[in-house]
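Subject: Structure handover

Hi,

Here is the structure we talked about. Please open it and keep it beside you while you read my notes below.

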Amino acid sequence: MINRERIKNLLIELIKIDSLSRKEYDVAMRLKREMEDLGAAVAIDDAGQRVGGNVGNLIASFTGTAPSARPLLLSAHMDTVVPGEGIVPILEGDILRTDGRTVLGGDDKSGVAIICEAMRILQEQNLPHGDIDVVFTICEESGLVGAKCLDTGRLRARTGLVLDSDSVGFLFTRGPGANRLEFRVHGLEAHAGVCPERGISAIQVAAEGIAQMKLGRIDHETTANIGVIEGGMAVNIVPNSVLLKGEARSHHPEKLEQQTRHMLGCLEEAAARHTLELDGKKIQARVEGRIERDYERMNVPENAPIVQLVYAAGKNLNVDVKTQATGGGCDANVFNQKGLEVANLGTGMRDIHTVKEWLDLKDLYLCAEIIVEILRLNAAQA
């Protein structure tokens, strides 16, 4: 049913279009033409203006031919991570990779190409279907901010799929919530060679605090990381400030808050140990914490209609679909937070966010077949 040559060519074409976060205009215009050619009403929202990008989310609305069928959402993101400019895709048999200088961009242009092919198959074969909302988001890789800016009131669908994960046949229904953490540790500057005892090293305080933190895999539901450290002015100055950026994630809200408090507490305890009497004044290191909820957890129940649709489509195609939890966040987290019921279906992307990223086109074809079957079944069950 899938036109393999067409979807392969479209994927390669999309991969060659640079589309780093906040720079998705060119690929958005290509997809706008694609959606309009398929008969959709297309709109681009103001998300780009709100986040400092050059284009917004693309929303394509397809009118159903089976009016009683449940409207469905299909979504993927247009942006890629760095290094993602000047991508040279290399095809070896069914394996698509790059020349090793950049990522491939199969995250998430594989999802985009699959949606385009599925919609083209519906049109070519005149398959009955309900209303379909297609959303191609911006800035997923920079904190899901395109989805956060999306007005879901513009959508008819209240349930559907994001296509933005690895193994085909896996439906991710559970994902963690996450806190974005920023800690500023304050010390006191001094000459590092002449009078270091008159200073408090913010870097030392931060190092002691980090050393006491539980990081990495905390338990089967929870992870934490300090990913960025910025501080210091020169090697001969006791540093008076250092900035730490990190995150905590958990499938359990209380564990998320507990881990966040733990990380801040470790830094505060370290700061409390560093005091200095200087010119009759007591000076103590201190910590400023800025904690923001990045996104809420995803928890789509097993009996949700979209999950059952995916199971049924897999069964019809002899694909053993498994539901699974993930440690990553995606636009589906945001959509669920906004009241929709959306799961994340794998497209076959591998080694994402690295220059070793690759994709087996057979996975791409299979996922496209699953999507077409889901749309067909949704209409047939109406």
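A question to start: is Leu150 buried or exposed? Bear in mind that this is a predicted model. Leu150 has a relative accessible area of 3%, under the 20% cut-off, so Leu150 is buried. You will find Leu150 in the loop between helix 5 (145-149) and strand 7 (159-165). Leaving aside residues up to four places away in sequence, Leu150 touches Asp45, Asn57, Ile59, Val135, Leu155, Phe335 and Lys338. Ala272 is 122 residues from Leu150 along the chain, and their C-alpha atoms are separated by 43 Å.

Now the whole chain. It has ten helices and 22 strands. Its C-alpha atoms fill a box of roughly 85 × 40 × 35 Å along the principal axes. The chain has 382 residues, and 53% of them count as buried. Take the contacts between residues at least 6 apart in sequence: 78% of these join residues at least 24 apart.

Next, the cores. In soluble globular proteins, nonpolar side chains tend to be buried together. Here the largest nonpolar core holds 91 residues. Met35, Met119, Val134, Phe136, Leu161 and Ile371 touch the most other members. Helix 10 (residues 361-380) supplies the largest share of this core, with eleven residues. A second, separate core has 25 residues, among them Ala224, Leu244, Ala248 and Ala270.

Look at Met119 next. Its contacts are Leu38, Phe62, Leu74, Ile132, Val134 and Leu375, again not counting residues up to four places away in sequence.

On to helix packing. Two packed helices are described by the angle between their axes and the distance between the axes. I have two pairs for you, and helix 4 is in both.

Helix 2 with helix 4:
- Helix 2 (residues 25-37) and helix 4 (residues 106-124) pack at about 15 degrees, with axes 10 Å apart.
- The two helices are therefore roughly parallel to each other.
- Their crossing is left-handed.
- From helix 2, Val27, Leu31, Glu34, Met35 and Asp37 take part; from helix 4, Lys109, Val112, Cys116, Arg120 and Gln123.
- The residues of this contact are five nonpolar, one polar and four charged.

Helix 4 with helix 10:
- Here the angle is about 50 degrees, and the axes are 9 Å apart.
- That makes helix 4 oblique to helix 10.
- The crossing is right-handed.
- Helix 4 brings Ser110, Ile114, Ala118, Met119, Ile121 and Leu122; helix 10 brings Leu364, Cys367, Ala368, Ile371, Val372 and Leu375.
- This contact counts eleven nonpolar residues, one polar and no charged.

Which residues does His251 touch? Arg174, Gly175, Pro176, Glu221, Arg297, Ala325 and Thr326, with residues up to four places away in sequence left out. His251 is in the loop between strand 14 (241-250) and helix 7 (253-272). At 17% relative accessibility, His251 counts as buried, because the cut-off is under 20%.

Then turn to the two loop residues, Leu150 and His251.

Best wishes

Technical notes
Residues numbered from 1 in each chain as written. Predicted model: local features only at pLDDT ≥ 70, side-chain atom pairs only at ≥ 80, totals over all residues. Heavy atoms only, no water. Core = buried A, V, L, I, M, F, W, Y, C linked by side-chain atoms within 4.5 Å. Buried < 20%, exposed > 50% of the residue type's maximum accessible area, 1.4 Å probe, protein only. Helix = DSSP H or I, 4+ residues; strand = E, 2+ residues; numbered from the N terminus. Contact = heavy atoms within 4.5 Å. Axes fitted to C-alpha atoms, helices over the stretch in contact; angles between N-to-C directions. Parallel < 35°, antiparallel > 145°, perpendicular 65-115°, else oblique. Left-handed = near helix turned anticlockwise from the far one by under 90°. Nonpolar A, V, L, I, M, F, W, Y, C, P; charged D, E, K, R; others polar.
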